[in-house]
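Below is a walk through a predicted model.

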Amino acid sequence: MKMPQHNAEWPPERLDPAGEHEQLCRVRVEHAVPVREPLVLVSQIQRSGGTLLSQLFDGHPECHAHPQELKIGYPTKRGWPALDLDRPDAWFDRLWEWSAAKHAALGYQKPAERPESARDVFPFLFLPRLQRQVFEACIAAKPVERQRDVLDCYFTSYFNAWVDNHNLYTGPKRVVTAFTAGLAADAANVERFFSTYPDGTLISIVRNPRGWYASARKHKNRFRKVEPAIARWRQSTEAALAAGERYGDRVLVITYEDLVLDTEATMGRIAARIGIAMLPSLLMPTFNGRPIRANSSQPVPAYGVLPDRTSAFRDTLEPETIELIEERAGDLYERAAALTLERVP
Amino acid sequence: MGGSTTKAPWARLSEDEEYEQLSRVRLGHAVDVREPLVLVSQIHRSGGTLLSQLFDGHPECHAHPHELTIGYPKSQIWPHLDLAAPETWYELLYEKYSQKHLRLGYRKPAERSDGEPDVFPFVFLPGLQQRVFDACVAGRPVERQRDVLDCYFTSYFNAWLDDQNLYTGPKQAITAFAPRLNMVRESVEGFFADYPDGTLISIVRDPRAWYASVRTQPPFSEGEDALKRWCRSTESALEARGRYGDRVLVVTYEELVLETEATMRRVAERVGITMLPVLLEPTFNGRPIRANSFAAVDRHGILPERAKAYRESLDAGTIAWIEEQAGDLYERACAAASA
């Protein structure tokens with residue numbers, strides 16, 4: 001066979017980087033996947049398994065799974081946004097999540113207690129300028145009559161600007177899933193959430209307060225002292241129970257212990273409630289389809305759900321601390337656990 | 001980092017900077033593509049596009065989404081690279097269609113009952129592809145042509161930004177479709193020289209149905225010339241099977257569309273991937289796609305009725321003539337397929 005000399009079609013007509021960027025944006029805007037499904041919002045106090053649950057939804061073909069903590073709240077992430085429908089120029093800036101740009105630059109990682117060299121870092125290809133273009137095109141394409149219309153366009157812009165999203169084209173989609181820590185502790189937020197998403201679902205995870213405190217005190221300074229920390233845990237749990245009372249089947253209270261000790265049954269119940277098929281992908285935490293290790297306060301050598309975390313507090317808490325927590329919060333946890341059994345079909 | 005402080009936070013990076021950042025991240029996290037190649041090759045209009053679309057979406061495959069055109073000087077000539085001239089490698093392998101598909105989307109022209117072709121987005125950056133290729137070649141010793149091809153496929157699948165199947169795995173194979181490459185003996189030799197662990201799949205279609213399909217499609221013509229090409233493709237498949245044994249798999253189009261599950265199970269077993277339901281539905285980048293048929297297609301999925309549709313469009317005399325010219329050869333191919 002003759003050795004090649006020269007490819008007559010070389011060099012091809014090439015675009016410069018700005019040209020390729022423009023082409024990419026044009027294609028993505030033209031073929032944008034509309035994201036209008038009801039929101040399944042996971043919310044409770046930190047260190048209760050919200051990241052885990054959101055990573056169990058990742059990769060389910062019927063979910064648009066928001067891959068990191070949802071931060072569309074204003075003035076802090078814990079406030080459900082209230083948009084002025086007369087100020088369209090302010091919508092995108094108000095909702096925009098800076099963390100998407102951060103993860104686009106640095107990759108997605110959860111620091112937990114791991115040294116930097118041992119962290120899982122996942123690529124996250126996301127273009128803020130493309131997001132803005134998709135948002136503008138979506139808003140221009142249909143009348144905006146409710147805040148939900150704006151949020152639909154926001155999620156459309158988010159998932160289409162996430163260029164390496166492995167789950168954009170699969171479907172048909174049933175829900176958008178997202179996790180925001182702390183939002184559900186305020187009844188006014190929950191009310192605004194359901195006002196925007198009357199077809200949405202709030203999932204609140206309640207973690208055994210002993211296990212929760214052992215994890216939370218390492219996570220944030222404000223959780224270091226046991227009494228104020230448990231007061232916050234109580235506030236979150238009471239808010240979840242109150243939301244369950246008020247909104248009935250639209251609120252699902254589950255325990256962290258059910259989630260990690262009986263993952264298949266618990267995820268099966270959640271799937272049935274929110275209207276998605278039970279699939280094996282719901283049993284393995286992933287980020288954009290790749291297995292991810294737990295965001296634990298302890299070293300994590302393996303992938304998957306970690307059932308041993310439910311009793312790890314016994315190795316780290318003193319008996320008197322355990323006793324104090326049981327006294328302050330044991331009954332409330334029992335109520336939440338009973339409600340879980342009662343509500344989940 | 002550019003931009004003034006008055007810019008909105010989402011506009012902090014310019015278009016160039018966003019592109020640069022995206023390229024940097026992709027390069028930093030590039031997925032190595034070094035798996036054996038499963039090459040589907042036979043004459044046109046035999047089901048090659050269909051089979052390549054059945055592989056699409058399988059988590060253990062890097063499925064090349066359109067015809068593989070790395071051949072040189074024509075796509076059916078397996079490339080022969082000069083290992084002493086690295087500056088020519090990318091140039092010779094480069095597939096111009098990826099740029100076209102970025103611009104216009106991926107479509108197959110065939111007829112549609114509604115007159116509207118399916119157009120699929122294909123987010124692929126040619127500039128990024130060359131950067132990934134250059135980085136890959138610089139990052140490892142290149143001792144064989146296979147090393148260059150591994151870098152080419154690494155560059156291809158990582159430059160395809162909206163590939164819904166890049167991160168899944170573990171991968172077992174690259175799949176691709178290159179029509180007529182099997183008809184050039186040196187090409188088959190070149191393929192197995194580079195991929196001794198590879199598999200060649202040749203699809204043989206009933207010559208009556210094939211003729212009914214091909215006679216409407218340029219650049220084929222009606223009559224003896226067309227049928228001779230079918231015979232050459234089929235003889236080449238059988239010869240390769242005889243020469244390379246289990247590394248060559250002969251499949252008939254009819255078993256592929258009439259007994260899809262059994263056939264794909266056999267194919268999966270042979271190429272070393274798990275039998276999954278995705279192997280039963282043709283998709284493009286995870287989305288169902290309609291057949292690339294010469295007749296109107298009003299639905300997704302496999303069209304078993306195409307196996308017998310020739311009876312509507314060919315007269316009895318033509319059918320008898322084809323059976324006389326190619327019937328025996330087709331029977332031999334069927335026997336090789338069932339073996």
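How many salt bridges does the rule find across the interface of chain A and chain B? There are two. In one of them, Asp162(B) pairs with Arg28(A), and the closest N and O atoms are 3.9 Å apart. This pair counts because the cut-off for a salt bridge is 4 Å. Polar contacts across the interface of chain A and chain B come to 18 residue pairs, both residues being at pLDDT 80 or more.

On the side of chain A that touches chain B, two or more residues come from each of helix H1 (17-30), helix H3 (88-95), helix H4 (98-106) and helix H5 (128-141) of chain A. H1(A) gives the largest share, nine residues. Sorted by class, this side of chain A has 25 nonpolar, ten polar and eleven charged residues. As for extent, 46 residues of chain A are in contact with 53 residues of chain B. The two chains bury about 4600 Å² between them, with 61% of it on carbon and sulfur atoms.

Aromatic pairs are the next topic. Over all chains, the structure holds 38 of them. Trp80(A) and Phe193(A) form one that is edge-to-face, at 5.3 Å centre to centre and with 80° between the planes. Trp80(A) lies in the loop between strand S2 (63-65) and H3 of chain A, while Phe193(A) lies in helix H7 (residues 187-196) of chain A, so the pair links parts of the chain 113 residues apart. Trp80(A) counts as buried because its relative accessibility is 1%, and Phe193(A) counts as buried at 1% too.

In chain B, the rings of Tyr152(B) and Phe153(B) have their centres 5.9 Å apart, and their planes are at 75°, so this pair is edge-to-face. Both Tyr152(B) and Phe153(B) are buried.

Conventions: Residues numbered from 1 in each chain as written. Chains lettered and ligands numbered in written order. Predicted model: local features only at pLDDT ≥ 70, side-chain atom pairs only at ≥ 80, totals over all residues. Heavy atoms only, no water. Contact = heavy atoms within 4.5 Å. Buried area = accessible area lost by both parts, 1.4 Å probe. Salt bridge = Lys/Arg side-chain N within 4 Å of Asp/Glu carboxyl O. Polar contact = N/O pair within 3.5 Å; in protein donor to acceptor, adjacent residues only side chain to side chain. Helix = DSSP H or I, 4+ residues; strand = E, 2+ residues; numbered from the N terminus. Nonpolar A, V, L, I, M, F, W, Y, C, P; charged D, E, K, R; others polar. Phe/Tyr/Trp six-rings, centres within 6.5 Å; stacked < 30°, edge-to-face > 60°. Buried < 20%, exposed > 50% of the residue type's maximum accessible area, 1.4 Å probe, protein only.
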